[in-house]
Amino acid sequence: MSRFVAANANGQEFAYGFDRPLGEYFIQLLDGDDDATDLCGFPVNNGTNGNFLEVVSQYGIQIPDEHLDNVCLDLPI
């Protein structure tokens, strides 16, 4: 499993990555109390690259272009 942290313009932090055993992408909204809200991936929805990109766009998450390229090509991050 890969796991990275990124933020949006509002300062919200997100954990994201690719879960190899499940074969899907995930995104979690992090809060200050070590809690996370699942936004993409199990158990919320299928962690497809389309669902991942939709959440990235919806929340304005600023992730590196290299990671976006991999997701667009449906490759692990």
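Which residues does histidine 67 touch, not counting residues up to four places away in sequence? I'll start there. Setting aside those sequence neighbours, histidine 67 touches Phe4, Tyr16 and Ile77. Please keep in mind that this is a predicted model.

Histidine 67 sits in helix 2, which covers residues 65-72. Its relative accessibility is 11%, and since buried means under 20%, histidine 67 counts as buried. One of its partners, tyrosine 16, also makes a polar contact with it, side chain to side chain, at 2.6 Å.

Tyrosine 16 takes us to the nonpolar core. The largest one has 16 residues, and those that touch the most other members are Tyr16, Ile27, Phe52, Ile61 and Ile63. Four elements each supply at least two residues of this core: strand 2 (13-19), strand 3 (24-30), strand 4 (36-40) and helix 1 (49-59).

Take phenylalanine 52 from that group. Which residues does phenylalanine 52 touch, again leaving out those up to four places away in sequence? The list is Tyr16, Gly17, Tyr25, Phe26, Ile27, Cys40, Ile63, Val71 and Ile77. Tyr16 and Ile77 are on the list for phenylalanine 52, and they are on the list for histidine 67 as well.

Now the whole chain. The protein has 2 helices and 4 strands, and from the N terminus the order is β-β-β-β-α-α. The radius of gyration is 11 Å, close to the 11 Å that the globule rule gives for 77 residues, so the protein is as compact as a globular protein of that length. Along the principal axes, the C-alpha trace spans about 30 × 25 × 20 Å.

Some totals. Of the 77 residues, 34% count as buried. Among contacts with a separation of 6 or more, 34% are between residues 24 or more positions apart. The accessible surface comes to about 4700 Å², and carbon and sulfur atoms account for 46% of that.

Last, two backbone details. Most peptide bonds are trans, and most residues other than glycine have a negative phi. Where are the exceptions I want to show? The peptide bond from phenylalanine 42 to proline 43 is cis, with omega near 5°. Proline 43 lies in the loop between strand 4 and helix 1. Then there is aspartate 74, a residue other than glycine with a positive phi, near 60°. Aspartate 74 is found in the segment after helix 2.

That is what I have.

Notes: Residues are numbered from 1 along each chain as its sequence is written. This is a predicted model: local features need pLDDT of at least 70, side-chain atom pairs count only at pLDDT 80 or more; totals for chains, interfaces and linings use all residues. Side-chain values use heavy atoms; hydrogens and water are left out. Buried means under 20% relative accessible area, exposed over 50%, partly exposed in between (1.4 Å probe, protein chains only). A polar contact is a pair of N or O atoms within 3.5 Å; within protein, one must be able to donate a hydrogen and the other to accept it, and residues adjacent in sequence count only if both atoms are side-chain atoms. Contact means heavy atoms within 4.5 Å. A nonpolar core is a set of buried Ala, Val, Leu, Ile, Met, Phe, Trp, Tyr and Cys residues joined through side-chain atoms within 4.5 Å. The radius of gyration is taken over C-alpha atoms; the globule rule is 2.2 Å times the number of residues to the power 0.38. Accessible areas come from the Shrake-Rupley method with a 1.4 Å probe; for residues, only the protein chains shown count as cover.
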